[in-house]
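This report takes a single protein chain and describes its fold and some of its local features.

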Amino acid sequence: MLQPLPILAQAGSFQFSQYYDDFMKYLPNLGKSVAILLVGWWLSGRIKVLLRKVMQARHVDATVTSFLSKLCYWVLLILVLMMAAQEGHIIDTSPLTGMLAASTLAIGLALQNSLSNFAAGILIIFFRYFRVGDSIEAADVKGIVEEISIFDTHLLTADNRKIIVPNGKILGSPIINSSAKPTRRLDLIFNISYESNLKLAKQIVLTAMQADIRVLPNPEPAVLVTNLGESSVDLTMRAWVAIADYEPVRSHLLEEVKLRFDEAGVSIPYPQHEVHVRPAK
């Protein structure tokens with residue numbers, strides 16, 4: 001049976017002994033790193049839960065609560081990883097600072113749109129321009145807010161379509177929040193002909209508003225003459241309603257006033273032009 005060469009056996013024994021010595025030298029450092037990782041991971045989770053409970057007890061908005069607790073958790077985990085690497089002498093973390101500083105400009109240029117949306121998301125959440133469930137109009141879209149995330153906002157339209165809008169576009173445009181106040185003024189314009197009885201038409205519109213219990217008595221409903229057009233007199237109806245009643249009341253009053261105008265003989269004119277033809281001389 002062949003025996004291993006003495007030189008090869010001695011070299012193999014030397015390499016194993018060197019690896020073993022290196023492993024035993026780094027074993028305490030490795031143990032420190034594992035201990036820091038385990039304790040840090042546990043503490044990060046506990047701090048996340050504690051922060052969430054504190055904010056919920058103070059009735060902080062649910063979107064803000066979720067964002068801050070997750071952000072705190074991941075920041076703590078990153079710090080724990082760096083501490084474990086530094087304490088265990090596994091890697092030298094001092095060059096990381098220089099690398100991060102050198103790559104900041106490149107990352108900023110590559111992700112400037114994402115960073116803009118991220119910053120806009122933080123501003124939307126903290127300044128509470130709108131909340132989940134609000135009806136808003138921004139960036140040329142309109143809908144009910146379903147979700148506010150860090151980079152975009154999800155809207156649900158009246159015909160059940162989902163629109164995802166980047167937060168940067170929302171914050172860069174005027175934001176119309178129809179749900180910001182509990183009540184809203186309903187303005188409707190009715191055109192009547194010049195031949196119709198103006199006072200009768202105003203009374204019909206006012207009576208239709210007063211007959212609807214969803215129209216609030218204060219501020220008092222009003223009917224105003226707002227324009228004398230080319231072919232009609234414009235009456236503007238102003239009524240205050242609750243946010244939830246806005247669309248139903250609007251639809252009901254449009255139909256009700258039209259039916260009452262028909263019964264009373266108040267006509268709604270079509271656009272028309274009079275053409276005078278002069279005979280040729």
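The sections below go from the chain as a whole to a sheet with its helices, then to aromatic and charged side chains, and lastly to some backbone details.

## The chain as a whole

The structure discussed here is a predicted model. Its chain contains 7 helices and 8 strands, and of its 281 residues, 27% are buried. The accessible surface amounts to about 19800 Å², with 62% of that area belonging to carbon and sulfur atoms.

Among the contacts in the chain with a separation of 6 or more, 63% are between residues 24 or more positions apart.

## An open sheet and the helices against it

An open sheet is built from 3 strands, which follow one another in the order E6-E8-E7 with antiparallel pairing. From one strand to the next, the twist averages 25 degrees.

Helix H6 (residues 198-211) lies across E6, E7 and E8, and its direction is at about 15 degrees to that of E8. Helix H7 (residues 246-264) also packs on the sheet, where it touches E6 and E8, and its direction makes about 25 degrees with that of E6.

## Aromatic pairs

A pair of aromatic rings is described by the distance of the centres and the angle of the planes. The count of such pairs in this model comes to 4, and among them is the pair of Tyr 73 and Trp 74, which is edge-to-face, with 5.5 Å from centre to centre and 75 degrees between the planes. Which of these two residues is buried, and which is exposed? Tyr 73 has a relative accessible area of 15%, and because this is under 20% it counts as buried. Trp 74, in contrast, reaches 54% relative accessibility, and because this is over 50% it counts as exposed.

Another of the pairs joins Phe 118 and Phe 151, whose rings are tilted, with 6.0 Å between the centres and 45 degrees between the planes. This pair links distant parts of the chain, as Phe 118 belongs to helix H4 (residues 112-127) while Phe 151 is in the loop between strand E2 (141-148) and strand E3 (152-156), 33 residues apart. Phe 118 is partly exposed at 30% relative accessibility, and Phe 151 is likewise partly exposed, at 42%.

## Charged groups over rings

The ring of Tyr 73, already described as a partner of Trp 74, also has the charged end of Lys 48 sitting over it, at 5.0 Å from the ring centre. In another case the residues are Arg 184 and Tyr 246, where Arg 184 lies over the face of the ring at 3.9 Å from its centre.

## Backbone details

Most residues other than glycine have a negative phi, and most peptide bonds are trans. Against that background, the peptide bond from Asn 218 to Pro 219 is cis, with omega near 0 degrees, and Pro 219 is placed in the loop between H6 and E7. Asp 140, which is not a glycine, has a positive phi of about 65 degrees; it is located in the loop between strand E1 (135-138) and E2, and it is exposed, with a relative accessible area of 82%. Asn 160 likewise has a positive phi, near 65 degrees, in a residue other than glycine. This residue is found in the loop between E3 and strand E4 (162-166), and at 60% relative accessibility it counts as exposed.

## The surroundings of Ser 135

Ser 135 belongs to strand E1, and with a relative accessibility of 17% it is buried. Which residues are in contact with Ser 135, leaving aside its neighbours within four places in sequence? The residues in question are Gly 143 and Ile 144, together with Ile 176, Asn 177, Ser 178 and Ser 179.

Key: Residues numbered from 1 in each chain as written. Predicted model: local features only at pLDDT ≥ 70, side-chain atom pairs only at ≥ 80, totals over all residues. Heavy atoms only, no water. Pairing = 2+ DSSP bridges. Helix = DSSP H or I, 4+ residues; strand = E, 2+ residues; numbered from the N terminus. Axes fitted to C-alpha atoms, helices over the stretch in contact; angles between N-to-C directions. Contact = heavy atoms within 4.5 Å. Phe/Tyr/Trp six-rings, centres within 6.5 Å; stacked < 30°, edge-to-face > 60°. Buried < 20%, exposed > 50% of the residue type's maximum accessible area, 1.4 Å probe, protein only. Lys NZ or Arg CZ within 6 Å of the ring centre and 35° of its normal. Areas by Shrake-Rupley, 256 points an atom, 1.4 Å probe, with all protein chains shown as cover.
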